[in-house]
Amino acid sequence: YRTLALMEEAGFVRVIRDTDVHAHYEHTFNHPRHEHMICDQCGEFIEFSDETLDKLIADASERHNFQERTHRIVVFGTCEKCREAAD
């Protein structure tokens with residue numbers, strides 16, 4: 001696990017934590033920037049990109065004279081399959 005921590009520090013992987021605080025690692029090298037949605041019911045990870053979110057973060061960083069290194073957005077909720085199963 002120390003190697004994973006070093007790889008995260010170097011920017012080769014990033015960690016995503018689910019609601020149970022389990023760590024999931026994904027590579028970042030040559031992988032487009034994206035965020036995640038995680039289903040509370042089945043644990044499905046859904047990747048998404050949104051230029052508007054990226055611009056909002058860049059604008060907020062500029063307003064606060066903050067130099068962003070990276071960011072993570074994880075949205076928790078219920079996926080379509082689990083909602084349909086509940087109906």
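The model is predicted. The structure holds three salt bridges and zero disulfides. Helix α2 runs over residues 51-63, and a nonpolar surface patch is made by M7, F12 and F29.

**Salt bridges**

- The count of salt bridges comes to three.
- One of them joins the side chains of R72 and E8, at 2.7 Å from N to O. Because R72 sits in the loop between α2 and β5 while E8 belongs to helix α1, this pair ties together parts that are 64 residues apart in sequence.
- R72 is partly exposed, with a relative accessible area of 45%. E8 is also partly exposed, at 25%.
- E35 and R33 form another salt bridge through their side chains, with an N to O distance of 3.6 Å.
- E35 is buried, at 3% relative accessibility, whereas R33 is partly exposed, at 34%.
- The side chains of D59 and K55 meet in a salt bridge of 3.1 Å, N to O. Both residues are in helix α2, and because they are four residues apart there, about one helical turn separates them.
- An α-helix has 3.6 residues a turn, so residues three or four places apart point the same way.
- D59 is partly exposed, with a relative accessible area of 28%. K55 is exposed, at 52%.

- Helix α2 has 13 residues, numbered 51-63. From its first C-alpha to its last it reaches 18 Å, close to the 18 Å expected at 1.5 Å a residue.
- The N-terminal end of α2 is capped by D50. A side-chain oxygen of D50 lies 2.7 Å from the backbone nitrogen of T52.
- After α2 comes N65, which has a positive phi, near 50°.
- H64 is in the loop between α2 and β5, the latter spanning 74-77. H64 is exposed, with a relative accessible area of 61%.

**Cysteines**

- A search of the whole structure finds zero disulfides.
- For C79, the closest cysteine sulfur is that of C82, at 3.6 Å. A disulfide needs the two sulfur atoms within 2.5 Å, so the sulfurs of C79 and C82 are too far apart for a bond.
- Seen from C82, the closest cysteine sulfur is in C79, again at 3.6 Å and too far for a bond.
- C79 is buried, with a relative accessible area of 5%. C82 is buried as well, at 17%.

- H36 lies in strand β3, which covers residues 35-39.
- H36 counts as buried, with a relative accessibility of 2%.
- The side chain of H36 makes a polar contact with the side chain of H34, at 3.3 Å.

**Nonpolar surface patch**

- M7, F12 and F29 make a nonpolar surface patch of about 320 Å².
- M7 is located in helix α1, residues 2-10.
- M7 counts as partly exposed, at 32% relative accessibility.

- H64 and C82 are 18 residues apart along the chain, and their C-alpha atoms are separated by 40 Å. H64 is exposed, whereas C82 is buried.
- T78 and Q67 are 11 residues apart along the chain, with 34 Å between their C-alpha atoms.
- T78 is placed in the loop between β5 and α3, the latter spanning 80-86. T78 is partly exposed, with a relative accessible area of 36%.

How values were computed:
Residues are numbered from 1 along each chain as its sequence is written. This is a predicted model: local features need pLDDT of at least 70, side-chain atom pairs count only at pLDDT 80 or more; totals for chains, interfaces and linings use all residues. Side-chain values use heavy atoms; hydrogens and water are left out. Helices (H or I, at least four residues) and strands (E, at least two) are DSSP runs, numbered from the N terminus. The expected span of a helix is 1.5 Å times one less than its number of residues. A polar contact is a pair of N or O atoms within 3.5 Å; within protein, one must be able to donate a hydrogen and the other to accept it, and residues adjacent in sequence count only if both atoms are side-chain atoms. Buried means under 20% relative accessible area, exposed over 50%, partly exposed in between (1.4 Å probe, protein chains only). Patches are made of residues with over 30% relative accessible area and no salt bridge: like charges are joined within 9 Å, nonpolar side chains (Val, Leu, Ile, Met, Phe, Trp, Tyr) within 5 Å. Accessible areas come from the Shrake-Rupley method with a 1.4 Å probe; for residues, only the protein chains shown count as cover. A salt bridge is a side-chain nitrogen of Lys or Arg within 4 Å of a carboxyl oxygen of Asp or Glu.
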